[in-house]
Amino acid sequence: MDFGYPQNLSPEILKLYITQEGVRSPFSSKPADKPVPNATLQVTGAVGWRREGLVYKKNEVFLDIVESVNLLMSSKGSVLRCDVTGKVLMKCFLSGMPDLKLGLNDKIGLEKESQLKSRPAKSGKTIELDDVTFHQCVNLTRFNAEKTVSFVPPDGEFELMKYRITEGVNLPFRVLPTIKELGRTRMEVNVKVKSVFGAKMFALGVVVKIPVPKQTAKTSFQVTSGRAKYNASIDCLVWKIRKFPGQTEPTLSAEVELISTIAEKKSWTRPPIQMEFQVPMFTASGLRVRFLKVWEKSGYNTVEWVRYITKAGSYEIRC
Amino acid sequence: MALSGMRGLSVFISDIRNCPNKEQERLRVDKELGNIRTRFKNEKVHVVPTLRRNAPIKDDKDEDLLHLLIVGLEGLTPYEKKKYVWKMLYIYMLGYDVDFGHMEAVSLISAPKYPEKQVGYIVTSCLLNENHDFLRLAINAVRNDIIGRNETFQCLALTLVGNIGGRDFAESLALDVQKLLISSSCRPLVRKKAALCLLRLFRKNPDVVNVDGWSDRMAQLLDERDLGVLTSSMSLLVALVSNDHDSYWSCLPKCVKILERLARNQDVPQEYTYYGIPSPWLQVKTMRALQYFPTIEDPNTRRSLFEVLQRILMGTDVVKNVNKNNASHAVLFEALALKSVSHGNQYVPGLAFIFFDRGNQYVPSLVMHLDAEKEMMSQCVALLGKFIAVREPNIRYLGLENMSRMLMVTDVLDIIKRHQAQIITSLKDPDISIRRRALDLLYGMCDVSNAKDIVEELLQYLSTADFAMREELALKAAILAEKFAPDLSWYVDVILQLIDKAGDFVSDDIWFRVVQFVTNNEDLQFVTNNEDLQPYAAVKAREYLDKPAIHETVVKVSAYILGEYSHLLARRPGCSPKEIFSIIHEKLPTVSTSTIAILLSTYAKILMHTQPPDLELQNQIWAIFSKYEGCIDVEIQQRAVEYFALSRKGAALSDILAEMPKFPERQSALIKKAEDTEADAAEQSAIKLRAQQQTSNALVVTDQRPANGTPPVTQLSLVKMPSMSNVDHNPAEQGVSQANGTLSVVDPQPSRPSDDNIGDLLVPLAIEGPPGSATLSGHSPVFGFGGAPNAEDALAIAPVEEQTNTVQPIGNIAERFHALCLKDSGVLYEDPYIQIGIKAEWRVHQGRLVLFLGNKNTAPLVSVQALILPPSHLKMELSLVPETIPPRAQVQCPLEVVNLRPSRDVAVLDFSYKFGTNVNVKLRLPAILNKFFQPITVSAEEFFPQWRSLSGPPLKLQEVVRGVRSMSLVEMANLFNSFRLMVCPGLDPNTNNLIASTTFYSESTRAMLCLVRIETDPADRTQLRMTVASGDPTLTFELKEFIKEQLISIPTASRAPSPVSLQAQPAEPPQPLPTSSPAALSDPGAMLAGLL
């Protein structure tokens, strides 16, 4: 507080001062041995987001890259809109005041590196990241000067950075729908879904929602994998595949019967097919963690864990 | 209900009810709809193929389809069918679209069991509307049920038909329903339903009930003993009779019989007696039906009806029991309605109002019908008087309401007046609706005798009245005071008092009206104390200004009145201009801008009236004016600047700020406003009717203006009209507008602003200020000579002016004009310098003339001016005439003519140019009556009926004309034909007679057939008898005079300036037909035209 104005609003620090202990009995044998946190140090200290004196038996760092793919594809297979929003999530259980350095295969970092070491950039993909935002712990002056992401991490879980990619997106699935209306009361739906990621990987929880007209009465399906059914409350055929290996193309063919209605026959506006999925160890952007260095005074060893996952944002294919 | 046991349905409903939000509900409904779709579809898929194999092929496609559906649904158990259709209905009732499954519902109608049938009928009537195609599928099934024997099914079917009641149903089922209604084998239950169903069908489609056959049956129906059926039938009868009462005369005595039976309480089962009153509903309905018939002629029926009414009147009283009261009063009011409607002997359908009073009971009360004896009416009023004396507010309300309805009937007013005190007490009722009723009633019952009391009562009440009512109250008090004022000073007193008390609630109209009143009544003889109204008003206004706190409206009125008339009381103590000024000026800081504007006018007027001029006062007022010259309000600023400038000019001030002229009389804005508000309130019309009746006598007081020399206000305003228009207005046009008026003398007095709208009081006076004489003096001297003296002498101008010209025309102008009357093109005027040609085209009531102005010289003609002086019946528009005509050139000027009404007046072209000297000619334009004829030949069959139908003056006029140019019959026929009067040979058996016909076109008459018959005397060619007929009296007269002009030979030499009467001129014996002489005398134009 300075002249009544709060100076530090970081929840991590404020938490320290909110003590919710019961009323201590005066006869209790143990005196209050909890050290009163040093407020001045916390407020004025350089690292406001991290307490001092943390000790872990096992020093571990978890790093997740989570991407979600937004896609709108026309019925002819051309991509109308496509982007990926990604997050780098970290979970740190590190003792003391470690200094971390993260290296990704992004364009800026690599170029800088190659300049410094005065040797040509390694062949291989470099990713251009748009709209990068960092957590407050990242040292921005060093990022500007050296183009490296270096930081003193807060304790526990936090979101290190966010980014967006609009170019060079690897789509995990291709959908090839054919929907035919046969007369006024019948429809034929054929949908082929092709997974285009590596054959060793697999997608989980794949759901394909194929919209049908409101007056759908009866449906019959043939699927090569997974299960399909008609959901009247959302007016969709819902096809679920729990485990979807890479480089396969299961198909669904359905016959839909419609009931005749009294309403004016207006042609059915076909809404797009929607998809949900999760592909572990796959990044639609192709982003990779090149290194994660931890430096601490005591020089303990750390264990680093890295995970990748790609999810569907709004993954829509017109039909 | 058949719902019990349908678990699926109740589970679904409870699911829906358990939904926490709308979204979940929607999901559940969609799921259920998907389920129902699947079920319906499933069955069809499985069953229809089997059906196709053995389905019989029928002619009727619909039936076939229906059959198919029934079989198709048979896969579902009846339980399932019911369940799903109920679910559909439930979903539909929740507000979701259900656009399938109608076939299933319709098909259930023809199911054999009751539960299925019931759901089928219910769902069909809910889901389908009358224009639906699916209904056609149902018609047959419904019909089967109607003609079937099972009465529950009949009832279901009738309900459906009544509820949907579409066109198809009406066409195909009305007959069956009718049969059911009159069949004797049916139970009353079914017949009741049938009657109501038929009523519904009739309302949808009045053709379904065939009047010829049905009226007898309807009469038979009324013989029914069962009261239930009778009530339903009576509803039907009311609808039928309201549509066409003539065909159902036979029902009238039966209705009276029913009433008799009910009134005497004969043969009325216990279950139809409501609190001791035999079926009040039927009574009310019967009486309503009777109201649609005009007065009953049959004395027996009449007598018995009166007996019944008498009994009802006697039997009704106020009792404790609310329900009984309602029932009996309903009957009573209906009876009152019946009586007074017939009393007025007028056919007043639809004056029935059902209003909802606070006791939650509907009490139909009606306005009145039979020609009841006076004593009966007074009995009614006495009864109502009892009502308004009751404590119970509902009853009092009804009493007041009905009394004001009774007012519509004449000669109950006196009886009602007896209750005046009671009504005035009601004005103080705690209940506002009763107060309003009482106010309406007071307003309605007010006349000259009780006006003073009532208005004073209203004024007193005003100070305590509810705010919501004050405006209405003030308005009504003002109207009453104006309408029935015993004398004018009383009126002024009342209104000033009213304004003082009600202030905010007095609309501008009210005080405008006072001002109008005071201004218009300067010299009324019957003002009390022989005191003039204006000084009286001024004194009053002065008194009000003395009060410490006064309302702004009072300031406005007082300031206005004092401004106008304060000089009339200058002699009195405390009324010197200075004092008046200071007392008015005190109020200035407290008032709004609109009032400041009025105050400024007042100051200007005070200043003007101060004789001898008071320098101090003048300086004070000037200081105020100059202060307001910079006011942000434009109105005030303008006034201040103008008054300031004017007051420095001195003499002009007194002209401009002279007393306001009288306002033209017109319907009081107040009454108009009252009518408006009444229309808004959708109130019953008793008051309105009265107001309309009395608009005429509303102005009685003001109409008694003495006519000693002062011209009536309307004409005065006409004189003032030009000065209201812009200053730079074309003087000639002003002259024309004066000349066309009926005024004989141009008023030379300085013009005063003559606001024809009293709201214009607020308009700055100075703008309208230019004295009329100034504009008149700006006229060309020629016009001043020609235009001013007489309106009618437009014709006379031409010869008079000709002689003053120095340039001699070539050829005879009059002859050229006459030639052009017969032709459409030719030379109108020619002199050494110019030739004016004319070419005309005529189409119905419009015409297009082209003037060709040709310069014959080698030098240009300059200052060319052409003005058209049209008579009032022609609308003429001349396009722009160039100021110079180049040498040897011809200029064309189109001239558009529209004929408004028949008249023989001639348009004059005032043409002038300069060539060395000024040349000015006035030329008559050949746009005359016959140009708007369209010749038409009529056959004998057409002629004679027309001729006979136009009988007698003023449509058919006959005159013996003497002094006719002698010409042979053939010549005369040619003359007529050239005037576009088509002579029809052979119509008249007498060969010496001529018959001609034509069609006349004008904007007012449109196309009008004119017929002319000339009877000549072979012995004396100089006289003939002429009969002219047309559908328009003016047209007949004008046409007759026109033909006469053409037939009488006029020696050109006798162009004497002195008008000689037509009768005297040919020195013949006096006219044998006096009918025409007054008209001829009163029309100098006709005489002059005759001379030309």
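Reader: Is R186(A) buried, exposed or partly exposed?

Author: Keep in mind that this is a predicted model. R186(A) has a relative accessible area of 31%, so R186(A) is partly exposed.

Reader: Which side chain does R186(A) meet in a salt bridge?

Author: Look for a side-chain nitrogen of Lys or Arg within 4 Å of a carboxyl oxygen of Asp or Glu. Here the partner of R186(A) is E255(A), at 3.1 Å from N to O. The two sit 69 residues apart, E255(A) in strand β13 of chain A and R186(A) in strand β8 of chain A. E255(A) counts as partly exposed because its relative accessibility is 33%.

Reader: How do strands β8 and β13 of chain A run, and how many bridges join them?

Author: They run antiparallel, with seven bridges between residues 186-195 and residues 251-258. One pair to find in the view is N190(A) with S253(A) in β13(A).

Reader: Which strand of chain A, at residues 216-223, also pairs with β13(A)?

Author: That is strand β10, again antiparallel and over seven bridges. Find T216(A) there; its bridge partner in β13(A) is L258(A).

Reader: Now chain B. Which residue does D145(B) meet in a salt bridge?

Author: K117(B), at 3.0 Å from N to O.

Reader: Are D145(B) and K117(B) buried or exposed?

Author: Both D145(B) and K117(B) are buried.

Reader: What does K254(B) meet in a salt bridge?

Author: The side chain of D223(B), at 3.0 Å from N to O. K254(B) is in helix α13 (residues 251-263) of chain B, while D223(B) is in the loop between α11 (211-221) and α12 (227-243) of chain B, so the pair ties together parts 31 residues apart in sequence. K254(B) counts as partly exposed, at 22% relative accessibility. D223(B) counts as partly exposed too, at 42%.

Reader: Which residues are linked with K214(A) in a network of salt bridges?

Author: D235(A), E23(B), R26(B) and D30(B). The network holds residues of chain A and chain B.

Reader: How many salt bridges are there over all chains?

Author: The count comes to 33.

Note on methods: Residues are numbered from 1 along each chain as its sequence is written. Chains are lettered from A and ligands numbered from 1 in the order in which they are written. This is a predicted model: local features need pLDDT of at least 70, side-chain atom pairs count only at pLDDT 80 or more; totals for chains, interfaces and linings use all residues. Side-chain values use heavy atoms; hydrogens and water are left out. Two strands pair if DSSP finds at least two bridges between them. Helices (H or I, at least four residues) and strands (E, at least two) are DSSP runs, numbered from the N terminus. Buried means under 20% relative accessible area, exposed over 50%, partly exposed in between (1.4 Å probe, protein chains only).
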